[in-house]
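Here is a short briefing on one fold. Look over the chain before reading on.

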Amino acid sequence: MQKNHLDEVVAIETRSFPTPWTKSSFESHLEHPEFAYYLVALDNEKVIGYAGLFFGGDQGQITNISISQTYHRQGIGSRLLRSIIEFSIAKGIVHLSLEVRTDNKSAQNLYSKFGFKIVGTRKGYYQETGEDAYVMCLFDLQGEDDQ
Ligand SMILES: CC(C)(COP(=O)(O)OP(=O)(O)OC[C@H]1O[C@@H](n2cnc3c(N)ncnc32)[C@H](O)[C@@H]1OP(=O)(O)O)[C@@H](O)C(=O)NCCC(=O)NCCS
């Protein structure tokens, strides 16, 4: 993701979430590649999806992932998530976590396909709507538990 992608990213973000990230939220992460990794999916030059990771030490948090509605269910979310996981492994990250609305079964299914497990619930996590979040984690990316 580069700054020139941000208007299209924010347009998708705004259509996807009731309390979308602003352009400056994305900008502030892009300015810190030492702890933030953001990707876009492009169809020719058009942004059709994006995903982001915030990381430090051996932990990473997936901050957002969204695909433009007309491109849903074409494997694009999977490709972005796979790239985030591959980057995380290369960076030495051991555990990934994320929050997802408890009623967002599409996203939960996507994360489950990649091995994420529900480890807890945050009641009223989304303050503006009062919705609950599941915390989902992917453990042991470095395969250390197998040794
Ligand atoms: C969740 C989201 C990113 C999935 O992206 P996508 O590109 O459509 O996902 P994929 O095509 O790679 O699908 C991967 C898996 O996700 C699950 N999935 C995706 N859409 C689904 C749906 N409508 N219903 C049920 N499961 C779904 C399935 O397990 C699917 O695997 P399958 O096709 O083999 O059954 C997309 O629906 C989206 O952008 N939603 C709005 C934003 C959002 O909710 N982001 C997550 C915030 S935590």
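In which sense do β1 and β2 pair, and over how many bridges? β1 and β2 pair in the antiparallel sense, over 8 bridges. Two strands count as paired if DSSP finds at least two bridges between them. Strands (E, at least two residues) and helices (H or I, at least four) are DSSP runs, numbered from the N terminus.

This is a predicted model: local features need pLDDT of at least 70, side-chain atom pairs count only at pLDDT 80 or more, and totals for chains, interfaces and linings use all residues. Residues are numbered from 1 along each chain as its sequence is written.

**The sheet**

- The open sheet has 6 strands in the order β1-β2-β3-β4-β6-β5, with mixed pairing.
- β1 (36-43) and β5 (117-126) stand at the edges with a single partner strand each, so one side of each lacks a neighbour in the sheet.
- From one strand to the next, the twist averages 25°. Angles run from 0 to 180 degrees between N-to-C directions, and axes are lines fitted to C-alpha atoms, for helices over the stretch in contact.

**Strand pairs**

- β1 and β2 form a hairpin with 2 residues between them. N44, in the turn, has a positive phi of about 55°.
- The bridge partner of L39 is A51 in β2.
- β3 and β4 pair in the parallel sense, over 3 bridges. Q59 stands opposite H95 in β4.
- β5 and β6 (residues 131-138) are antiparallel, with 6 bridges. R122 has A133 in β6 as its bridge partner.

**Faces of β4**

- Side chains alternate along β4. L96, L98 and V100 point to one face and are buried.
- Burial is a count of other C-beta atoms, placed from the backbone, within 10 Å of a residue's own: buried at 20 or more, exposed at 12 or fewer, partly exposed in between.

**Helices on the sheet**

- Helix α1 (residues 6-16) lies across β1, β2 (46-56) and β3 (59-67). α1 runs at about 85° to β2.
- Helix α4 (residues 105-113) packs on the sheet and touches β4 (95-101) and β6. The direction of α4 makes about 165° with that of β4.
- Contact means that C-beta atoms, placed from the backbone, lie within 7 Å.

**α1 against α2**

- α1 and helix α2 (residues 23-30) pack at about 125°, with their axes 10 Å apart.
- That angle makes α1 oblique to α2. Angles under 35 degrees count as roughly parallel, over 145 as roughly antiparallel, 65 to 115 as roughly perpendicular, and the rest as oblique.
- L6, V9 and V10 in α1 meet K23, F26 and E27 in α2.
- By class, this contact has 4 nonpolar, no polar and 2 charged residues. Ala, Val, Leu, Ile, Met, Phe, Trp, Tyr, Cys and Pro count as nonpolar, Asp, Glu, Lys and Arg as charged, and the others, Gly among them, as polar.

**V10**

- V10 counts as partly exposed because it has 19 C-beta neighbours inside 10 Å.
- Leaving out residues up to four places away in sequence, V10 touches P20, T22 and K23.
- V10 and S24 are 14 residues apart in sequence and 9.9 Å apart in space, C-alpha to C-alpha.

**Positive phi**

- Most residues other than glycine have a negative phi.
- R73 is not a glycine, yet has a positive phi of about 60°. R73 sits in the loop between β3 and α3 (76-90). With 8 C-beta neighbours inside 10 Å, R73 counts as exposed.
- D140 has a positive phi near 60°. D140 lies in the segment after β6. With 12 C-beta neighbours inside 10 Å, D140 counts as exposed.

How values were computed: Contact = placed C-beta atoms within 7 Å.
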